Amino acid sequence: MRRYLFNILACLLLSAFPIGTFAQTSDSPGATPLRRWDKRTHPKYAGWERLCPTHAKFQYAGGMGVSSFGVGWDYGKRRQWETDFLAGFLPSKYADKFRLTFTVKQNYIPWSMSFNEHWALEPFYCGLYVTTIAGEEFWEKEPGRYPNRYYNFSTKLRPYIFIGQRMNFNLKNSLVKHVSLFYEVNTCELYLISKFTNKTLKMKDILRFSFGAKVQLFKD
């Protein structure tokens with residue numbers, strides 16, 4: 001059951017990378033007109049510009065360490081897709097020793113509501129991410145020293161799903177386009193399995209909160 005859920009999440013992660021969307025803009029032929037209240041646009045990138053990160057992120061909690069930092073790329077006609085790579089840390093007070101974590105995160109932001117030239121709300125977004133922790137004590141497949149299927153899950157990789165909201169404040173300078181504050185509610189496959197097999201667990205027992213900030217960078 002655990003392996004089945006992990007495979008589903010992995011397939012969703014791979015399918016969330018639409019090929020060729022980095023070059024799309026709202027001015028492209030046949031592009032869907034922008035909603036009047038959705039002011040997001042995607043600048044046209046060419047060549048090596050596509051490899052330059054479009055934003056930086058900080059996140060507190062979320063199963064990827066106490067804190068994590070990273071960069072990401074947005075794409076799509078309205079910048080509705082984001083892919084992030086984050087590195088986090090877990091202090092020794094929360095583990096046997098200081099640990100590093102690494103996360104690949106995929107976000108889908110279907111809507112943005114602009115109130116004026118400065119403020120915008122993204123009332124709902126969702127996605128998934130996979131986190132790994134550094135250390136030889138953790139494994140992807142069950143070690144041979146244990147009986148078959150004794151530990152039928154990976155201790156090194158953990159898939160999560162989440163939903164969240166963001167508030168954006170637009171700036172006008174040569175480097176930063178806007179700053180976003182966000183919060184997320186997430187859960188992982190182990191919590192979901194526990195919920196399905198243990199009816200006494202409540203939703204608050206399997207849901208976790210995290211929050212953070214995103215800095216959107218201008219294209220040079």
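These legends go with close-up views of aromatic rings in a predicted model.

**View 1. Trp81 and Tyr108 make a tilted pair.**
The structure has ten aromatic pairs, and here we zoom in on one of them, Trp81 with Tyr108. The two ring centres sit 4.8 Å apart, with 40 degrees between the planes. Trp81 belongs to strand S3 (residues 81–90) and Tyr108 to strand S4 (residues 99–108), so this pair ties together parts that are 27 residues apart in sequence. How accessible are these two residues? Trp81 is partly exposed, at a relative accessible area of 22%. Tyr108 also counts as partly exposed, with 30% relative accessibility.

**View 2. Tyr125 and Phe162 meet edge-to-face.**
Why is this pair called edge-to-face? The planes of Tyr125 and Phe162 are at 70 degrees, and the cut-off for that label is over 60. Their ring centres are 6.0 Å apart. Tyr125 comes from strand S6 (residues 119–133) and Phe162 from strand S7 (residues 157–170), so the pair links parts that lie 37 residues apart in sequence. Are Tyr125 and Phe162 buried or exposed? Both are buried.

**View 3. Tyr125 and Phe162 belong to an aromatic cluster.**
Tyr125 and Phe162 share one cluster with Tyr129 and Tyr160.

How values were computed: Residues are numbered from 1 along each chain as its sequence is written. This is a predicted model: local features need pLDDT of at least 70, side-chain atom pairs count only at pLDDT 80 or more; totals for chains, interfaces and linings use all residues. Side-chain values use heavy atoms; hydrogens and water are left out. Rings of Phe, Tyr and Trp (its six-membered ring) pair if their centres lie within 6.5 Å; planes under 30 degrees apart count as stacked, over 60 as edge-to-face and the rest as tilted. Helices (H or I, at least four residues) and strands (E, at least two) are DSSP runs, numbered from the N terminus. Buried means under 20% relative accessible area, exposed over 50%, partly exposed in between (1.4 Å probe, protein chains only).
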